[in-house]
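Hi everyone, thanks for coming. Please take a look at the structure on the screen, and then I'll walk you through a few parts of it.

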Amino acid sequence: MTDASETKTNPVIVVAGATGSGKSALALALARAFGGAIVNADSQQVYRELRILTARPTAAEEAQVPHSLFGFLSASMRCSAGRWLGLALDAIAQIRRAGQLPIVAGGTGLYLKALLEGIAEVPPVPPEAVRAAVARLADIGGEAFRAELAARDPESAARLHSADRQRLVRAMTVVQATGVPLREWQRQAKDRAPNASPVGRFLILALAPPRAALNAALDARFQAMMAAGALDEVRALAALHLDPTLPALKAVGVAQLLAHLRGEATLDEAVAQAQRATRQFAKRQETWLRGQLRADHVFAAFGASVVDQARAEVERFLGAE
């Protein structure tokens, strides 16, 4: 446990929540109020080509306070939780050296878990094993692939959704390459606490607005994304002819708009499908956050009232008068 002096000298604010729940706006408000700087914890907002579809902060918002790990990678690259953690810890250290308050904002559960608990040191998996697993999954589908995983790593199979292709492949390739299930590697790492990140004390604020209100906001946001040029953004991404297994191409809305560009769906159909996929994605994020994240405070609303409540919680956390 950290004592009161460490709380004041090494605080980290974490703003978590599903997509569209208001994380970016709250993080920005807190950063302005407390002299903070924001560190991205969204696995899709790291890619520079997808500012619109991933709802990255605008250039005007980024100009108000320092922002780190937004749009710094090409869509042709992969960003693992381990790579992100190293970069995030460096960013937090730099923010502290500048005399600012680190505010980590995002909804990628694996990234948040890595920050809060450290990350497993799993031996590297041969690239050919990954390619073989990706091909196998594409050939037999998610449900059948998860059934095959269950025969070798039942714990991972039980906790992963059949649509979570990236993590299914990760779990399968780890157990194939090492003979040890991924969760066992993670438990061993937690016992040893290698790479354990506690860089002070965390205040975890979670946003959980009512589902109906969130769904309506997500639908409206996607329409706004379309008006802002999301289709052109995906057209430019398609022109790069990237490996379809890359994480950037898994961003919600990309597959649906690509289908429209290939003539497989009308624009209205693609938008409706993307809106549905966004709502489903938000629901999965909410489920993870409820089950895995031990938030200090959960705000079941949108807007100014959340900002006021969160500001009061941060003031108490920092020991403000």
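Predicted model: local features only at pLDDT ≥ 70, side-chain atom pairs only at ≥ 80, totals over all residues.

**The aromatic pair**

Let's begin with ring pairs: the count for this chain comes to one aromatic pair. The partners are W84 and Y111, and they are stacked, with 4.8 Å from centre to centre and 15° between the planes. Those two values are worth noting because a pair of aromatic rings is described by the distance of the centres and the angle of the planes. Where do W84 and Y111 lie? W84 belongs to helix 4 and Y111 to helix 5, residues 109-117, so the pair ties together parts that are 27 residues apart in sequence. Now, buried or exposed: which is W84? At 0% relative accessibility, W84 counts as buried. Y111 is buried too, at 3%.

**The whole chain**

Let's step back for a moment. The protein chain has 15 helices and six strands. Its radius of gyration is 20 Å, close to the 20 Å that the globule rule gives for 321 residues, so the chain is as compact as a globular protein of that length. Along the principal axes, the C-alpha atoms fill a box of roughly 60 × 50 × 35 Å. Buried residues account for 44% of the 321 residues. If you take the contacts between residues at least 6 apart in sequence, 77% of them join residues at least 24 apart.

**Salt bridges**

Next, charged side chains. How many salt bridges are there? The count comes to twelve, and I've picked out three of them to show you.

In one, D243 pairs with R78, and the closest N and O atoms are 3.6 Å apart. This pair links distant parts of the chain, 165 residues apart: D243 sits in the loop between helix 12 and helix 13, while R78 sits in the loop between strand 3 and helix 4. D243 is partly exposed, at 38% relative accessibility, and R78 is partly exposed as well, at 44%.

Another joins R136 and E148, with 2.4 Å between the closest N and O atoms. R136 lies in helix 6, residues 127-140, and E148 in helix 7, residues 142-152, so this bridge ties together parts that are twelve residues apart in sequence. R136 counts as partly exposed at 37%, and E148 does so at 31%.

R146 is partly exposed, with a relative accessible area of 23%.

**A look at helix 2**

One last stop. Helix 2 covers residues 23-34, which is twelve residues, and it reaches 16 Å from its first C-alpha to its last, close to the 16 Å expected at 1.5 Å a residue. Which residues in helix 2 are buried? They are K23, L26, A27, L28, A29, L30 and A31. Just after helix 2 comes G35, which takes a positive phi of about 65°.

That's my tour, and I'm happy to take questions!

Notes
Residues numbered from 1 in each chain as written. Heavy atoms only, no water. Salt bridge = Lys/Arg side-chain N within 4 Å of Asp/Glu carboxyl O. Helix = DSSP H or I, 4+ residues; strand = E, 2+ residues; numbered from the N terminus. Buried < 20%, exposed > 50% of the residue type's maximum accessible area, 1.4 Å probe, protein only. Phe/Tyr/Trp six-rings, centres within 6.5 Å; stacked < 30°, edge-to-face > 60°. Expected span 1.5 Å × (residues − 1). Rg over C-alpha atoms; globule rule 2.2 N^0.38 Å. Contact = heavy atoms within 4.5 Å.
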